[in-house]
Amino acid sequence: MRSEKRAHGTVGRVADSSLSDQPLDCKAWDKAWRAFLAEDYVSSLKLTRTCLDRLESGDPAPVVLVPDPGNPTVKDGVVLCARNLFHLERFQDFEVLHASAGRWGMIPDQMPELEVVQLAFAHKRGEYMQVVEKTTVFIDNHRHALPPVIADYLFLRGQAWSVLGDPGSAREDVEAAYSVFRVLNRQLDGARTANLLGVIAFRSADYREAVQWFQRAHTLHSHLGMIKNMGGNRLNIGIAHYKRGEFSRSFGELQAAARLLEEVDARQSLCRVGIATGNTLRLMRDFVGAREQLMKAYEESNSLMLTREEALALEFLGDVHRDEGQIDTARRYYSRALAIGNSIAPSGDIVMEVLRRQGECLELLGRQSEAVPVLTRALALARQQGDRFEEGVIKRVLAATMLGVGDFESAAQYSRDAAALLRDVGGRHELAIVLLLSADISVARLESGVCPDPSGLLDDAWHDSMSALDLFLKMDVDFWILKARKALTNISSLRSDAEQARRMIVSADRMHGAVQRRLEAPIVHVSSCMRDMIQLTDAFADSEEPVLVTGETGTGKELFARRLHNKSGRRSRELVCVNVSAIPESIFEREFFGHTRGAFSGADSDGIGLAAKADGGTLFLDEIGDLPLELQPRLLRLLQDGSYQALGDPTERFTNLRLIAATNADLKQAVADGRFRADLYYRLKILELRLPPITERREDILPLLRHFLEDVTGGSVDLVQYFSQDSLDLAQTYNWPGNVREIAMVARQAHVQLASRGTVSVEVGDTAGEPLHLTGPQVAAEGTRGRIVGRISATPTGRSRILLALTEADGNRAKAARSLGVSRSTLYRQMEKLGIAGKVNQS
């Protein structure tokens, strides 16, 4: 221990070696050193000065020609005083000590041990480049002599490099310092160096290495009996464990840290333990315990005036509210944390983390266009700081944001990047979350109807969700385990349905392929409103309650009815589709409920009705508003208890069916007019799907047009082969009163015209008589191509060019920009100007 208690060796020349090398009183020195280890710097400073003052009182000390290297000297005492003053942040007193070093037989400008302390003060003031420059001069000048004090210069330069965002240089310097300190048996400096190496590894998201260094620091601190430092090391280990998704181990380490720190009443460190414990409990979904810990830590940070800890407590309290679904409350906490973070370091880690959280909240609120610039700034800060973990999390949120605007290609790319980063750093919890998101993205691409390889996407989704489940099982958090299992069950069902459909299509192709293809028709979309509608449809599918599907003509009501059936537990039984308005009122009763032999003229045998045919399955009644008024009570009875009577048979019959009704009429007005029963209306609208018209999902127009052209051609098509760019621009502004059905008609007409006469000239008109004239590129002459008569301007906007390019590039903006012959920044500006969904400004 004697070598540990000695101050660092010097390369400087001393004015009076007999004085600077004079030994100090060993017992007094031992007390001063122990006070320093206990972080009682005031007592240590007082005791050290007492040792030095004794040499100045009375007769001069005897000359020691050959000092004992194991005894502390005057020089050691001066350096220990300097270190105490540094920890007490008394820079002016240090300056006095440095200037008066001559009284102890030392030349101040030639004392590198004191210069190290001076540079440490500069580091504390944020003068990092000055520290790098001055330490580099000393290291370069003494690279061959290698005096022991060079380790302190290496440590200080590495510390500065770490703050400046150069973890490679930082690690190289600090590892070298650690080796020298270990050779010199300077355990205290070796411990603080090991801790710094842990911090460097932690900031680089190398949590496994960080834990190893923190454990080494803990071992060295335990040898020195430094309980507070031991608690700090256990705190750091606990934080590294929860970053890796090892919540139980994290909680255990944090509890151990709290016990150590309570022994020495280290309130500041205990406040930090409380924050880390609260966040760990949040990750374990114990929101009550998390809130209690974090509120206590927040109050303590206020009391101790710890601004960074205050910001962290607010940040994690926001996380608790966000995870509970209280997004607005979470955003208020984040705003307060951000204000503090900006006051500490505008480009620091707190600002980066809070920006990511604010972006995530905006994404959860459906405000994706606002989330993107916030997340982009957070991503730039993460890259600047070399925080790969946070970079991975930010990319995970960007993936969710791109999914929200229907940009599946960008969403998939962000999720792949996020998974690679998080897998590399060992962030299991966030990796599992991004794998679940990747599965959702694959399913969304499948549901969009524009996917070229459905089976491949389902396989990817299944593997991603299985991997996520495996990780969540290891973390033992019920919420995430259940969520992963639900996703896996859904994807397994989709795979089973896809395989069954494939077998049916193979069989159907031999007999009635067109009919089967219609049954399996996808709901083509890229818009967020349609994706929300599909998710709501899937949520309704498992219910046995009737569903009312409303929307304008041609919005796809039958497609949604089929999806409700195919996603339900009745999918193995029949879906019976009936257009109510197509059945004459005179025969509606017998068609619906069936009849017995002789029930009417020509009834030579019993007839099964629609109610019996749909038994065990689903009955879809389109145009329910046209149901005869006298039959409405019987339909209501059927819905209530499944009973009905066939025509000509007084016996009560029963059926087990699920009813889906659709209409483009205003049933509420029909009830007011007495044309529709109120009791039936309210029974039908327990679950309601209101399908948006095409005017509310204009970004779907070009994908739909391409889909219908591919459907009639049987292969991939390029829209510009059929239509001029100006025509496609106008198609985006047209009202499409027939909605999707009208787009399908235009596609079929364009295909027939191009195939038969080599040109395209399609004209459609809305109810106001204002036609839309769409022409092919080869007849797009000046003044005649792509014109719309009446209220729609003929000035081309460029909107369809961009949407077409994005569609052809599957949402890849870089690829779309190349095809348009413009830069990405130009494309983004034009998208923003035209209000195209999903605009993004990537760095």
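The model is predicted, so local features need pLDDT of at least 70 and side-chain atom pairs count only at pLDDT 80 or more, while totals for chains, interfaces and linings use all residues. Residues are numbered from 1 along each chain as its sequence is written, and side-chain values use heavy atoms, with hydrogens and water left out.

Student: Is α21 roughly parallel or roughly antiparallel to α23?

Tutor: Helix α21 (residues 388-404) packs with helix α23 (residues 428-447) at an angle of about 20 degrees, their axes being 10 Å apart. Angles under 35 degrees count as roughly parallel and those over 145 as roughly antiparallel, and α21 is therefore, relative to α23, roughly parallel.

Student: How many nonpolar residues has the contact of α21 with α23?

Tutor: Residues of α21 including Phe389, Val393 and Leu403 meet residues of α23, among them Ile433, Leu437 and Ile441, where contact means heavy atoms within 4.5 Å. Ala, Val, Leu, Ile, Met, Phe, Trp, Tyr, Cys and Pro count as nonpolar, Asp, Glu, Lys and Arg as charged, and the others, Gly among them, as polar. By class there are two charged residues, no polar ones, and, as nonpolar residues, ten.

Student: Is Glu363 buried or exposed?

Tutor: Glu363 lies in helix α19 (residues 349-364), and beyond its neighbours within four places in sequence it is in contact with Gln368, Ala371, Ala400 and Thr401. Buried means under 20% relative accessible area, exposed over 50%, and partly exposed in between (1.4 Å probe, protein chains only). Because its relative accessible area is 15%, Glu363 is buried.

Student: How many disulfides are there?

Tutor: A disulfide is taken as a pair of cysteine sulfur atoms within 2.5 Å. By this rule the count of disulfides is zero.

Methods:
Axes fitted to C-alpha atoms, helices over the stretch in contact; angles between N-to-C directions. Helix = DSSP H or I, 4+ residues; strand = E, 2+ residues; numbered from the N terminus. Parallel < 35°, antiparallel > 145°, perpendicular 65-115°, else oblique.
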